[in-house]
Each structure stands twice: as structure tokens, then as C-alpha cells.
Amino acid sequence: MSGLAIVVNSIGDSVCRPAYLERLRTYLREREEELCPDSRSRIETNPMRVLDCKICKPVLGDAPAPIDHLCDGCRRHYDQVKETLRVLEVPYRDDPHLVRGLDYYTRTAFEYIATGLDAAQNAVGGGGRYDGLAETLGGHATPGVGLAMGLDRIVLASGGGETVGELDVYIVVAHRPLEDHALRLASELRDKGYRVDFDPEGRSVKAQFKIASRRGAARVLVVGEEWKRGAVTARDMGTGDQREIPIEEVSEWLS
Ligand SMILES: [Zn+2]
Ligand SMILES: [Zn+2]
């Protein structure tokens, strides 16, 4: 995927954030009537989220940013994160108003921005550090980092032009009660490196064969009544050759 930018910020930790949040609340209370209802309701509970509000953005230009109120530890950490990005030649920019809405985030917050998409909906992924999360859940103090990605936006940003590779095998479910077996067979074949799919939606056998050829599947395995005899029907979509083979010989037939 091209046209990606990384936006980073630091939102502090339990040392520096409480004092920062108080300062932010004071600022927001003074402008309460200029804020949207959602933001107004967040002043006490989750004031950092207000910085993230697209509606309120225009009146928050001079809001105190977490980055200007970091403790020494957070400041050093953030400098180090940015230095590492430079060493790795990863382009990034700072956004002092980039925040995460959940309390367990500490220090680094980041987003992947698709530069080709409309600014209101261009974040294709976002995440951050959450060193406090494991402890919150009752575990040992364990550093953590993670992100969430928006599949629909990634598809949009990639232009929808990249086609998914053709399938090696399509599994046709001819007898629906055997669907779980088809799922397990698909999973086993995927583990062996084959690109496999099957229809979990109960379409007719004819419709499933149509999907198989549309997806470019070179071969089809039919899971039907023959399963009870320990066999599947194997069809080579290129030659049209079709025969029943024992389930344990499927890998051999595919190779
Ligand atoms: Zn708002
Ligand atoms: Zn700090």
C-alpha cells in the first residue's frame, strides 16, 4: 500500500498525565459553551478525547497538548521513538492533538493515515502503547503495544485495484451437515500453505462451483455423502477430470 503517513504523539503516563488532564479540564470548562454536546459530556470523564473531536477542532487550536506537559521519562521515551523512526527512515509527523480514548494507553499514540483519502476518514489504523493494561487486568506489569486497522478504509485506500490471488482449492459443501468438516479441511490445507476457501452460506452446489471458477480455483474438493466413506470428490477444474479419493490422500492429490 502506498500513500501512507505515520502520525505520532505522546500522551504521557501516570506520572505526568493527571496534572495535564486537570489543566486540560480547566481550559475546556472555560469554553464549554463552544463545544459540541459529546465533547461537553467528556470534560470530566475523558477530556483527552475532546482534542480528537472533528467538530470541536476549530475552537481547540490553543488547547494545552499532552506533549507540552510530559515528565522527563516520557519526554526521553518520545524522543527515542522519533529517533528510531528516523534511523529506520520511516516518514512521520507529530500531531500534538492525536490521542487515544482509553485510559490504559501510555506514552506513544500513533495512526496510519492514507494520504489519498478524505481527511475526515483517512486513518486506516491506529494504536499505541499500553504499559499499564496487563496490570489493570490483574497480571504482572508487562509492556504492551498494539493497533487496530480499518479493513474497509484499507481497501478504499489501496484503490480496490489489487486483486486477491487465485485459489488453489475451493471446497464445495454438497451436504450442509458436513460444513464443520469442510471448515476443518480448509483449515488443514491452509496450514499446509494452500489458498483455500469454501462457502459458509449454504449456497447450492451449482452456485458454489460458479464461485470456484470465478475465484480461479484450479481444483475443487466436494464434501458430500462420500465423506461417510472417508472420501471426497476431487475435480481438476482445468481438465474437468473428476474422481473420488480417500480424504487422507487429498494432500497428495494437490501436490
Ligand atoms: Zn466535539
Ligand atoms: Zn510521563
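Mentor: Four donors count as tetrahedral if all angles lie between 85 and 135 degrees. Please keep in mind that this is a predicted model.

Trainee: Which arrangement do the four donor atoms around the zinc ion (ligand 1) have?

Mentor: The protein donors are C36 (SG), S39 (OG), C53 (SG) and C56 (SG), lying 2.2 Å from the zinc ion (ligand 1). Their four donor atoms subtend angles of 97 to 119°. All angles must lie between 85 and 135 degrees, and therefore the arrangement around this ion is tetrahedral.

Trainee: How many residues apart in sequence are the parts that C36 and C56 tie together?

Mentor: The donor residues of the zinc ion (ligand 1) are spaced C-x2-S-x13-C-x2-C. C36 lies in the loop between α1 (17-30) and α2 (37-45), whereas C56 lies in the loop between α3 (47-51) and α4 (72-87). The pair therefore ties together parts whose separation in sequence is 20 residues.

Trainee: How far apart do the C-alpha centres of domain 1 and domain 2 lie?

Mentor: The chain is divided into domain 1 (4-157) and domain 2 (169-254). The distance between their C-alpha centres is 47 Å.

Notes: Residues numbered from 1 in each chain as written. Chains lettered and ligands numbered in written order. Predicted model: local features only at pLDDT ≥ 70, side-chain atom pairs only at ≥ 80, totals over all residues. Heavy atoms only, no water. Donors = N, O, S within 2.8 Å, 3.2 Å for Na, K, Ca; no water. Tetrahedral: all angles 85-135°; square planar, octahedral: opposite > 155°, others 65-115°. Helix = DSSP H or I, 4+ residues; strand = E, 2+ residues; numbered from the N terminus. Domains from an automatic or database assignment.
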